[in-house]
Amino acid sequence: MSSDPLFQPLQLKHLRIRNRMLSTAHEPAYTEDGMPKERYRLYHSEKARGGIGMTMIGGSAVVSPDSPPSFGNIVLYRDEVVRWMSELADDVHEHGAAVMIQITHLGRRNNWDRADWLPVIAPSHTREATHRAYAKAMEDWDIRRVISDYADAAERVKAAGLDGLEVQCYGHLIDQFWSPATNFREDEYGGSLDNRLRFGIEVCQAIRDRVGPDFLVGARLTCDEDFKRGFGPEEGLDIAKKMSATGLLDFLNVIRGHTDTHEGVSKLIPNMGSPSAPHLDFSGNIRAETGMPVFHAARIQDVATARHAIESGKLDMVGMTRAHIADPHIMAKISRGEEDRIRPCVGMGYCIDSIYAGVASCIHNAATGREATIPHVLEKAPQRRKVVVVGAGPGGLEAARIAGERGHEVVVFEAAPRAGGQILLAAALKRRREIIGIVDWRLAECEKFGVRFMYDHYAEAEDVLAENPDLVIIATGGMPDSGFLDAGSELATSSWDILSGAEKAARDVILFDDQGTHASMTTAEALLNQGAAIEIVTPERSLATEIGGTSYPAYFRAFGQAGVKFALNLRLERIEKSGNRLTAAFFDEYSKEYVTKETEQVVIENGVMPFDDLYFSLKPSSQNLGEIGQEALLDHRAQDIGENPDGSFRLFRIGDAVASRNIHAAIYEAMRLVKDF
C-alpha cells in the first residue's frame, strides 16, 4: 500500500473506495432531455480512468416536476433515467472508481417559467434574489408528495447500480426548511430547530425505508449559512449533530455559505484571489464534533493541500472538483511520479460560469466534456514532421504542446521576450495572478517535448520558410481596437497600456467598455489599484454582461469600496482635447442625444483587431492556401485540403489572429487543428 495518505482506501459499510480523492457533485449541463447519456457518461468515466476514488454525478439531480431542470439537471422523476445511470455506473466501475449521485428538490431556487410552468415551492412564501421567483408556501399535501418523490428517486438510483446518494441541503428545499431566513411556518415544520429539521429527517427516513439499511446515503449540507438572516456556525453544528444522530446518514459532505445571491455563491464556491481551502478547518471541526465520515471541497486545487486534509484527519474524502475538470488524471499522474505534470486549476470559475451559458468547459482543457472526440492523452503521430508556431499566447502554446506531445519537431517564434501574450496582461492584476498557470504549465510540457522557443524574434515569412515546415500555425493574436472612433483615437489609452504599465492611470478616468468581459473589469480594477477615480461607461444595459455569476462579485466588491460611477446605454464616438483634459462624446441610442463627459484620461477596452500580416504573406506558399475544411473540423478529422500543388506546408491561423475571442476559444481551436496532424 502506498504511504501517500491520498492513496489510503476508505471503507464505508460494504463499499471500499480505492483512494481518498473525490469529485463532488456538480452539473456540467451535459444531459440530453434530462438524461445522463454518452457525453455525461464519458465525462465521469474519464475521471475513473484517471484514477479518482469516487465521482459524484448529478449536481442537483431533481426529484420532482416542480423542481425543473433549469441548468441541465438529471431528471430523476422519470423511470427512463435508470438505464442511463446504469450505463454510467458500469463504465465508472469498470475503471475501478465508485460513483454516487446528489439528489434534490431546488425549492425556491429555480425559475417558475421552465419545463411544465409549475409554481416553485418553499417552506414559506419567499422570493430568492438570484432567480427572482416568488415561491408558493408548501401545503401539507405538497410535503407528502415531495417526500415520496425523494424516495422514488432514491429507488431509481439504487436500481441503476450506483454506490449511494447524497441529499443536497444547501440553498435548496431541505435547508430552506432549516433556515430562519426562509422558514416562517407556524406548524410542526417551523419555529424550533427540531421542527425545522423535521422535513429533512422525514425525507431521509423515507429514502432509508425505500433503499434499505445497506445502501449508502449521505447529506451535503451547509453548517454555517454565513448570512445575517440565516443560521450561524453554532446552530449549523447542532444541525450536523442532530442529522447524524438519526442514524439515517452514512457520511456528511460539509460546505459553508449561502446561495441566495451571486455574492453568496462566489464565497461558497471561491474563485481565484480567494484563500486556499478557506473552509477546511471548519469542515474538520464538524468531523471531530460529529464523529461522522466527512467529505469536503472548496478551492482545494493543489495536491499538497489535499494530502494535508487527509493526513491531518480533517477529512475522510477530499474534493478537488474543479481541479478534475482541468485534469481528470490527477491520481494517475501522482501514481506514476508525474505530479508536476498535472494541469493546474487556475481558479477562473470559467467552468461554473459557462454552465449557465450552455455547458461546462475548462478555460484551458478543451477535452473536458468533449471526451467522445478529443482525448485527454494524445497518441504519437505515425510520422515525425516539422511544425512552426508563430506567437506564444495561449493558442500558440497549446498548438506547440500538442504537436510536441504528438512527437513532432516544433519551433515557436515569439516577438516578446517571454511567452504568455494577453494572459500576461490579465495576470498583472494581483488578484488574478494564478491565471499565469495556463502559460507555465504549457511551457513545462513543451520543455519535456523538446519544443524550441525563439523569443524577441519578430518572425517574417522568410524566417518561417527557412525552417522548412510541414505545418505552420499563426497565433499572432491582435492589437487593441480603437478604430471605431469617429475622431480622437490617438488620444485614447488602451487597456493594454494600463495593464502592461506602459501608461499610468490619471487621477480621474473614463473607462469605455464595449466588451463586458474580464478584460474590461480587470482594467477597471487595475485603475483603482493605481488610485484613479473612474467612471465605467458602456453601451450595454448592464455592466459585465459576459462575466458569470461566481466571477463578477469580486470586481463589484472593489468597485463598491472605491465608489466607482457607472453610465449605461452610451456609445463612445469621439474624443477631443479640452485644454489639459479630454472631452468624450457619447451617443445615447434611446434618447438620440449626445452626452459629453470631461476627464483626464479615456481608457478603451473594445477587443482586438487581428494581427494577420504574416498569415497573408505565407498564404500563397501554403498547400491549403490557409483554408480550413469546416466539415473535417467539426467532425474532428484531419484537415485534407490541398488546393495549391506548389505549396510546401499547411497553414492555419487560430485565436485572436482570426477574430477577437477568449482563451478557451484559442486553445480549443489549436486542439482541433493540430491533434490529428
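I take axes as lines fitted to C-alpha atoms, for helices over the stretch in contact, with angles from 0 to 180 degrees between N-to-C directions. Helices (H or I, at least four residues) are DSSP runs numbered from the N terminus.

I am working on a predicted model, where local features need pLDDT of at least 70, side-chain atom pairs count only at pLDDT 80 or more, and totals for chains, interfaces and linings use all residues. Residues are numbered from 1 along each chain as its sequence is written, and side-chain values use heavy atoms, with hydrogens and water left out.

**Helices 3 and 5**

I looked up helix 3 (residues 140-159) against helix 5 (residues 193-211): the angle is about 40 degrees and the axes lie 8 Å apart. Helix 3 is therefore oblique to helix 5; under 35 degrees would be roughly parallel, over 145 roughly antiparallel, 65 to 115 roughly perpendicular, and the rest is oblique. I then listed the contacts (heavy atoms within 4.5 Å).

**Helices 13 and 15**

I next checked helix 13 (residues 394-405) and helix 15 (residues 437-448). Their axes come within 9 Å and cross at roughly 25 degrees. Helix 13 is therefore roughly parallel to helix 15. From helix 13, Pro394, Leu397, Glu398, Ala400 and Arg401 make the contact. Helix 15 brings Val439, Trp441, Arg442, Leu443, Glu445 and Cys446. I sorted this contact into seven nonpolar, no polar and four charged residues. Ala, Val, Leu, Ile, Met, Phe, Trp, Tyr, Cys and Pro count as nonpolar, Asp, Glu, Lys and Arg as charged, and the others, Gly among them, as polar.

Key. Helices (H or I, at least four residues) and strands (E, at least two) are DSSP runs, numbered from the N terminus.
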